[in-house]
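Have the viewer open as you read.

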Amino acid sequence: MAATLKQVVDDCKVPGEFLSDGAEVFLTHTEDMPVSAEAYWSAFRDFVELQLHMEGHENVRVLKGLGEVGTVVSFYYDPTDLAEGQREMKLVEKDDSTRTWRVQEAAPNELYKSYEMTIKVEGTEGAKVTISVRFVSAIKDRTQRRQDIAYHMVHLLGARIRDILNFIVREKMGGKHRFDLDIRCSREKMWGIVGNFNDVTWIRESTHTVVDGIYRTIYFTEDRSLEVRLAWADSSDYLFVYEGDNSPDFLHCKYYRGRIQFFAVNPNRVRVTYDCSFIPADDSPMEEFKKWFVGALNSRISWLETTFSEPKPGEEGHNPATGPPAFKKGAYSTGAGGIVRGPLEDVWKAFRPFGRECMEYWKIYDSMEIEAPGNDVVGCIRLFKTSKTKRTIRERLEWRDDDSHVEIYSLLSMNPPPPVEMSNVYTTVTMTAVDEKQTEVKFECTFDVSVSFAVSSIQSNQKGAYMACINGLQELFHSEVGTLEVVVGSAADLARTDGWFDADPYVVVAVNDGKPVTTKVCRGTQNPIWDERFQLSVTSRTRNAIFTVVDRDTVGQDDIMGTANVNLDELTSGKEKKMALDVQGGGTLNVRLYLKMHDKPKEPEGEKLITSLAIPFLAPVAQSELDTIRNEFINLITSFLGPGQKYELSYMTRLRTHPDVALEEMPAACVPMPTPEMFTPHKTGRIMQRLMEFIGSQAQIFVRLAEVKGIWDPWKANFSGYLPANERLIEEWQKDEEFCRQYLQGINPMVVALCKDQSQIPAEMLGLKGQGKTTLQLMEENRLFIVDYAPMLGVPATPGKFFYAPIVLMYREELAGGKSRLNMLGIQLTRDKGKNEVYSPESAKTHPNKYMFAKMHVQSADNNLHQFLYHLGYTHLGMEPIVVAMHTHLPPDHPIHRLLLPHFKDTVGINYLARHSLVSRIFPITDPMFATSTVGGLVMFLNEWRKYDFMEMSFPEELKRRGFDEARSDGLEGYFYRDDGFKLWNVYKTYVTGMVNHAYADDQAVQADKALQEFCKMTEGPGQLHGFPREIPTKKLLIDCLTNIIFNSSAQHSAVNFPQYEYYSFVPNRPAQLSSPMPDGPNDMLQSAVLEALPPPQFTALQVLLSYMLSMPSQTAITGVEAMKEVYPDVHEKFNKELLDLSKEIKTRNEGLKGEGKVAYTYLDPENVAMSIDI
Ligand SMILES: [Fe+2]
């Protein structure tokens, strides 16, 4: 359809004088309208609403005004297949006496250097409307420029006039009706016919059509005809719009517009929405005409259903009794087979899903998804991309029989297409039991190909893909065990541990917790050659081979010179691999590895025990993560023992999988770990204890799952033993008040902002009302609040996970007795063309499930934003460069070193752990857990980090930017993060001021402190902490800067870290990801669809585990800081007293809240504020 329009544009003759760069284009067009001039002119009274009816406008915002002259709107202009871009239009004339309306481009942009559109309405009974445009194109490309001008000539001018007419007909005259129908037919098939402008077979009684550009005449039996014009088409939205304005004897309308859109309900069912607009030809009363018209049209529309509906096969599940479908057996064939050590039913169950679940074991795909709406039933189509060829491939599930364990699927298309043409490509997968514990998996494929020389390469490609599936299943069932033969060759440039003396190095090799082996000692060299061979036992392919290089010391204990790891996943069984390993600590270690997997696994008891314990609640997602955590602990501990324990900055290197993401721009990190940063055994023990408490509490989770009654109970199954359920939250989380309260008192109090600028509000949301007031009235009364998740806009999508960059509007609801609270106005998830859907308490009356799902999507976006930006990014990673710079430039007895030291306790250690487990490049835990995946989260952080400014992000400044101050001039009650935060900030500032006054007589003394100035330079420069003062010339700046560091390390981190368990452990409240987008179409969604989008309870273990681990209370609160006790006792005593007073004050407040049945905010009570980022 869009092709039809494009052809007309291409065929249009554009006058030569318009074509040169910088030429002014002037076009004018007049049409008679079937409504009076007064009626037509009335459209301009609703300027904002009218904008939403203009085709090709996306994400409309009203920047200024509400329709009067001077009003400015912005929108993204996206006409079909033409140059698109951001535009701003200003209303410069609206003259009721001459009925002239004029808009101008507010400023030059990428599309137009200048642009003016004038619409003049003349006549009386019938309006004569003249539209003219005058513009200078800014499009550089001559072809595109010509296209845009031609588009104006052949289509846009008339279309704009009629967009306005259509608005009047629908919204002012009531000439509208919607038909909804469900047809058992695929959307593609239906669109293939209806979306083809030359095909009228879907129109009842039509015989043929004659198409002339965007016009077509449809001929019917009885020699009647109807002329329609294409008004709008968008094949990506399966939408097309046509108009007719001269069909008195046929539709009995003076004007008619049909807008047809197709939504896929499932692969075999399409939902059609047919919106029509009309004006009766004889001016009969609208309501009367409607009765006849809707009835007449109804019979035509239902004809569609009988014409397109297909018989039922496949949709409600294929009946195996009818046998597999017959298909054409190609001339060639290929296949593969193997044994998986698991019972038939278990292996079949793992293999059976046709969609993205396959990626769990079939690891040759970048992405895999069942096409909308994603139902895994016979007939569904999967779309996937292979990592190797990067081809996008579509396959259809033709048959699946759970009794005989057979699946047949066919190849539909490849993009880009392969060099030779393939057809009749059918693959049959058969599983049979070898015995109780083993299953044979067989792939057979038959195909035809256009040229025979390609056959052998197709055969080997297919075979490779099938073997990857079988190998993946084998891994999944832990059926591979074997031996690892290691040759420890030589090393070069090892780090020096003995000062000037050469080392006496030897190597200890182990496969994780297996028995280690040791090489001989090479005397007096940093470049030893061992050349020794060992054989080690391998119990699982997920293990690491760990090499530890040690210096034999004749006097004391041997020193560890460094370590290196190899993940066995990197090795191919039966193939030797030579590797030069980077030794963490310095130097290179050359090894040769030969992995040989046995056919028959020997299952040591220990492995069996761990598996049987872990599988029920953590498999398959969390099993490998637990391994990773354990491995990283081992790495962490061994790295403490390494040499060269200095504080040094290093930069993250780019991921092999995402070379375009500039990770080196992240804040610099301290790598390797200096010895003083080692966690105490007690702390390590507490972390492990927390892990074991979690595991212990998961016992009998399946029993609890089996006993669920309420629909949300499955997500409560994780709570037991050491893990208490947050009963209040589970009771309240669905309420709007609780949703809003969490923005003020929850885990992420960092995003809500007072809305003082109407350009922030999407045009669709302007009409929302709270307590009878419009958004603009609320804004004027300082009662409008907004959350804009714009940082999510730049995040790349990940298969199977769906997220938005929503906009939330809330308002301060006034309650009896002068009280108030934050409450909901509405949510917009998208920023697309046309009218974006708004979900609100009002829409919830008819669409409660969609409203709840919209709120869940907001919470999911908030979760990702909170963790990657405000928690991990701005506190954990952002503070690390300061730690390194302090240890590098400020000696231990320097007053600032003394002051800051307690606030950096364990920060480097916990960050090391986070980098190696949470966002690790080897196996990031965040990857499966978050909607953005790890790389998306880091991309979001980097985008924001480039704009970050340390001093501007200080607590008072950051709040000020969101419209909040210490005096609470915003009038918001219960924003305890703000209230308690300001009090704490003031206590800190007094404390820091006391210290600075003691240490520095005046500004000159600050300037003269060379160590301090070097510290600043390093933090801002190599440390990459943007906005940190490069030099500090005054006491004032020094006080602000130090207060900011201490607040961010203690209070800020505590506020965004410790509420994690309270708000994240019940997953529906804040899901880290959702597996489906908001469904299209006019109806509400099913509650079951909301539930299905949530991660299932047994796989949410990761979110619960992480929230439990990271909420581990600190054992060093700020009330225990004694940094100034010895040197400036008066400063210390005052600080301590003020903290305790504040703690008392907050406790009293919290008691009062509890008395009123409200939620206490305890996170900024000084007794709960950790002195540093230590978890
Ligand atoms: Fe943290």
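## How the helix angles are read

Helix axes here are lines fitted to C-alpha atoms over the stretch in contact, and the angle between two N-to-C directions runs from 0 to 180 degrees. Please keep in mind that this is a predicted model.

## Helix α17 against helix α26

Start with helix α17 (residues 848-889) and helix α26 (residues 1035-1057), whose axes come within 10 Å and cross at roughly 155 degrees. Angles over 145 degrees count as roughly antiparallel, so α17 is roughly antiparallel to α26. The crossing of α17 past α26 is left-handed.

On the α17 side, the contact is made by His 866, Tyr 870, His 871, Tyr 874, Thr 875, His 876, Met 879 and Ile 882. From α26 come Ile 1045, Asn 1048, Ser 1049, Gln 1052, His 1053, Val 1056 and Asn 1057. Sorted by class, this contact between α17 and α26 holds six nonpolar residues, nine polar ones and no charged residues.

Are His 871 and His 1053 buried or exposed? Both His 871 and His 1053 are buried.

## Helix α17 against helix α25

Helix α17 also packs with helix α25 (residues 1010-1020): their axes come within 9 Å and cross at roughly 145 degrees. This crossing of α17 and α25 is right-handed.

Here Pro 881, Ile 882, Val 884, Ala 885, Met 886, Thr 888 and His 889 of α17 meet Ala 1011, Glu 1014, Phe 1015, Met 1018 and Thr 1019 of α25. The residues in the contact of α17 with α25 divide into eight nonpolar, three polar and one charged.

## Backbone details

Most residues other than glycine have a negative phi, and most peptide bonds are trans. With that in mind, look at the bond from Asn 415 to Pro 416, which is cis, with omega near -5 degrees. Pro 416 is placed in the loop between β19 (406-415) and β20 (422-435).

Asp 283 is not a glycine, yet has a positive phi of about 55 degrees. Asp 283 lies in the loop between β14 (269-280) and α7 (286-308), and at 55% relative accessibility it counts as exposed. Asp 906 also has a positive phi, near 65 degrees, and lies in the loop between α18 (895-900) and α19 (907-918). At 10% relative accessibility, Asp 906 counts as buried.

Gln 86 lies in strand β4 (residues 85-95) and is partly exposed, with a relative accessible area of 45%. Leaving aside residues up to four places away in sequence, Gln 86 touches Ser 74, Phe 75, Tyr 76 and Asn 109. The C-alpha atoms of Gln 86 and Ser 74 are 7.4 Å apart, and the two residues are 12 residues apart in sequence.

Glu 1122 lies in the loop between α29 (1101-1110) and α30 (1129-1155). At 49% relative accessibility, Glu 1122 counts as partly exposed. From Glu 1122 to Gly 323 the separation is 799 residues in sequence and 80 Å in space, C-alpha to C-alpha.

Key
Residues numbered from 1 in each chain as written. Predicted model: local features only at pLDDT ≥ 70, side-chain atom pairs only at ≥ 80, totals over all residues. Heavy atoms only, no water. Helix = DSSP H or I, 4+ residues; strand = E, 2+ residues; numbered from the N terminus. Parallel < 35°, antiparallel > 145°, perpendicular 65-115°, else oblique. Left-handed = near helix turned anticlockwise from the far one by under 90°. Contact = heavy atoms within 4.5 Å. Nonpolar A, V, L, I, M, F, W, Y, C, P; charged D, E, K, R; others polar. Buried < 20%, exposed > 50% of the residue type's maximum accessible area, 1.4 Å probe, protein only.
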